[in-house]
Amino acid sequence: MEKWFEASWTSILAIFLTAVGIYMAIIIFTRIAGKRSFSKMSSFDFAMTVAVGSILATTILSASVSLIQGIVGLAAVYILQISAAVLRRFSWFQEAIDNSPLLLMDGKTILYSNLKKARVTEGDLRSKLREANVLDLSQVRAVVFETTGDISVLHTSDETQELEDWLTKDVINN
């Protein structure tokens with residue numbers, strides 16, 4: 001416990017310089033790879049965010065990992081991210097790494113089995129409907145549990161307006 005407050009000026013300078021170096025590397029790699037690197041898109045993107053954070057912390061605070069090793073680790077993770085983004089163009093790959101959106105409401109009908117699959121309560125559903133300013137269930141065209149864990153409410157005040165099929169093309173309905 002007494003070592004908690006011990007640090008030499010050399011180690012403090014090394015941590016500071018390593019933090020600056022790894023931070024600059026993250027900015028450069030993110031500019032190259034694009035904004036998706038930290039987006040909330042899929043489980044693979046989430047893993048990317050966690051991996052970058054872990055590499056950042058380890059590189060800054062661990063004496064056993066050099067700045068160069070941290071940058072190489074970051075580069076590997078970013079290359080995997082870019083590769084996954086390119087391979088997502090193939091349906092077999094996208095199905096392997098991404099979740100599918102799930103229909104929670106089809107019009108006014110609540111799909112209870114899908115609520116259970118998504119682990120969403122009726123209270124969660126009501127909350128999202130209120131957030132979307134739904135005043136009457138007849139306004140709801142569809143409620144979708146997205147691949148990111150977000151809930152999208154597709155609604156309109158015009159009760160005759162139909163939902164375009166293209167919007168729910170990849171949504172699982174069972």
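In this predicted model, Asn133 counts as exposed, because its relative accessibility is 59%, and exposure here begins over 50%. Asn133 is placed in the loop between H6 and strand E3 (140-145). Its backbone deserves attention as well: although Asn133 is not a glycine, its phi is positive, at about 60°. Most residues other than glycine have a negative phi.

A second residue shows this feature. Arg119, which is likewise not a glycine, has a positive phi near 60°. Arg119 belongs to the loop between helix H5 (112-118) and helix H6 (122-131). With a relative accessibility of 75%, Arg119 counts as exposed.

The loop between H6 and E3 also holds Gln139. Is Gln139 buried or exposed? Its relative accessible area is 13%, so Gln139 is buried, the limit for burial being under 20%. Once neighbours within four places in sequence are set aside, the residues in contact with Gln139 are Asn133, Val134, Leu154, His155, Thr156 and Ser157. Asn133, described above as exposed, is thus one of the contacts of Gln139.

Helix H3 comprises residues 67-87, which is 21 residues. The buried residues of H3 are Gly70, Leu74, Val77, Tyr78, Gln81 and Ala84. Because these residues cover an arc of only 115° around the axis, they lie on the same side of H3. On the face of H3 turned away from the buried side are the exposed residues Ile68, Val72 and Ile79.

What covers the buried residues of H3? The covering elements include helix H1 (9-33), helix H2 (43-61) and helix H4 (91-97). H1 is considered next. It has 25 residues and reaches 36 Å from its first C-alpha to its last, close to the 36 Å expected at 1.5 Å a residue. Thr18, Gly21, Ile22, Ala25, Ile26, Phe29 and Thr30 are the buried residues of H1, and they pack against H2 and H3. Just after H1 comes Gly34, whose phi is positive, at about 100°.

How H1 and H3 meet can now be described. Two packed helices are described by the angle between their axes and the distance between the axes. For H1 and H3 the angle is about 20°, and the axes are 10 Å apart. Since angles under 35 degrees count as roughly parallel, H1 and H3 are therefore roughly parallel to each other. H1 passes H3 in a right-handed crossing. On the side of H1, the contact is made by Thr18, Gly21, Ile22, Ala25, Ile26, Phe29, Thr30 and Ala33. On the side of H3, Leu67, Gly70, Ile71, Leu74, Ala75, Tyr78 and Ile82 take part.

Glu162 and Ile60 are 102 residues apart along the chain, and their C-alpha atoms are separated by 54 Å.

Terms used. Residues numbered from 1 in each chain as written. Predicted model: local features only at pLDDT ≥ 70, side-chain atom pairs only at ≥ 80, totals over all residues. Heavy atoms only, no water. Helix = DSSP H or I, 4+ residues; strand = E, 2+ residues; numbered from the N terminus. Buried < 20%, exposed > 50% of the residue type's maximum accessible area, 1.4 Å probe, protein only. Expected span 1.5 Å × (residues − 1). Arc of directions from axis to C-beta. Contact = heavy atoms within 4.5 Å. Axes fitted to C-alpha atoms, helices over the stretch in contact; angles between N-to-C directions. Parallel < 35°, antiparallel > 145°, perpendicular 65-115°, else oblique. Left-handed = near helix turned anticlockwise from the far one by under 90°.
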